[in-house]
Amino acid sequence: MGDWFITHTTSPVWKDKRRVQLTYTAKSSSASDIAERPQLDDLITYQTLTSTKLQTMRGTDTPSPGHPGSWTWRGNGWLKFVKSDWEIVGHGSSAADVGVQCIWIAVLAQQSLFTPAVLNIYTRGKGGLGHDQLDEVVSALKDLGDGGLRGLADEMYRVIQE
């Protein structure tokens, strides 16, 4: 839960965007609701490369039964008909190039009606992983996966966070 920044991705959606941030919050305040089906409110904020106007997308993440670390995102409002299945394929903490600790997760989103399969690196801070740390994460992801995951790891680009 909390704030995450997409610092690296293969998604064509973010090519002309910057400052992409995800904020996850518990959808229910009831402990029993959270224990039974811990849905998350998902707020994505971003700017286009040519504007300072903040854009938003909202959705709800629901865990996939029997698959720890896997979720289904469904859009809210006019995006209600859009869904995406995603899973955490890696996570860790490393010292960034400047000596600051960086918490990260690697997220694989399955191909959907509107997007190809996508690999994202989320970090707790805007700065993201340092160059050496990113190389280590990409190498580990390649070792984990099949040809599809290896190919996605090779295609990642940096998302502008300034």
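Mentor: His8 is buried, with a relative accessible area of 4%. Buried means under 20% relative accessible area, exposed over 50%, and partly exposed in between, with a 1.4 Å probe and protein chains only. This is a predicted model, where local features need pLDDT of at least 70, side-chain atom pairs count only at pLDDT 80 or more, and totals for chains, interfaces and linings use all residues. Residues are numbered from 1 along each chain as its sequence is written, and side-chain values use heavy atoms, with hydrogens and water left out.

His8 sits in strand E1. Strands (E, at least two residues) and helices (H or I, at least four) are DSSP runs, numbered from the N terminus. The side chain of His8 makes a polar contact with the side chain of Thr7, at 3.2 Å. A polar contact is a pair of N or O atoms within 3.5 Å; within protein, one must be able to donate a hydrogen and the other to accept it, and residues adjacent in sequence count only if both atoms are side-chain atoms. Leaving out residues up to four places away in sequence, His8 touches Leu119, Asn120, Ile121, Leu134, Met156, Tyr157, Arg158 and Val159. Contact here means heavy atoms within 4.5 Å.

Now take Thr9. Thr9 also lies in strand E1. Thr9 is buried, with a relative accessible area of 0%. Its side chain reaches the backbone nitrogen of Ser11 at 2.9 Å. Setting aside neighbours within four places in sequence, Thr9 is in contact with Trp14, Val118, Leu119, Asn120, Glu155, Met156, Tyr157 and Val159.

Trp14 comes next. Trp14 is buried, at 7% relative accessible area. Beyond four places in sequence, Trp14 touches Ile6, Thr9, Val20, Ile44, Tyr46, Met57, Tyr157 and Val159. In the largest nonpolar core, of 21 residues, Trp14 is among those that touch the most other members, together with Ile6, Val20, Tyr24, Trp86 and Tyr122. A nonpolar core is a set of buried Ala, Val, Leu, Ile, Met, Phe, Trp, Tyr and Cys residues joined through side-chain atoms within 4.5 Å. The elements that give two or more residues to this core are strand E1 (2–9), strand E2 (17–26), strand E3 (40–48), strand E5 (70–75), strand E7 (101–109) and strand E8 (118–123). A second, separate core has 16 residues, including Ala106, Leu119, Leu141 and Leu152.

Next, the aromatic rings. A search of the whole structure finds four aromatic pairs. Rings of Phe, Tyr and Trp (its six-membered ring) pair if their centres lie within 6.5 Å; planes under 30 degrees apart count as stacked, over 60 as edge-to-face and the rest as tilted. The rings of Trp14 and Tyr46 have centres 5.4 Å apart and planes at 65°, so this pair is edge-to-face. Trp14 lies in the loop between E1 and E2 and Tyr46 in strand E3, so the pair ties together parts 32 residues apart in sequence. Tyr46 is buried, with a relative accessible area of 11%. Phe81 and Phe114 are also edge-to-face, because their ring centres are 5.9 Å apart and their planes are at 70°. Phe81 counts as exposed, at 56% relative accessibility. Tyr24, Trp71 and Trp86 form one aromatic cluster.

Back to Tyr157, which touches His8. The charged end of Lys15 sits over the ring of Tyr157, 4.1 Å from its centre. A charge sits over a ring if NZ of Lys or CZ of Arg is within 6 Å of the ring centre and within 35 degrees of the ring normal.

Follow Tyr46 into the strands. Tyr46 stands opposite Gln55 in E4. Seven bridges join E3 to strand E4 (residues 55–63), and the two run antiparallel. Two strands pair if DSSP finds at least two bridges between them. A hairpin of six residues joins E3 to E4. E2 and E3 pair in the antiparallel sense over eight bridges. Ala26 has Leu40 in E3 as its bridge partner.

One backbone detail in E2 deserves a look. Arg19 lies in strand E2. Arg19 has a positive phi of about 55° although it is not a glycine. Most residues other than glycine have a negative phi. Arg19 is partly exposed, with a relative accessible area of 33%.

Last, the whole protein. It has three helices and nine strands. Buried residues make up 43% of its 162 residues.
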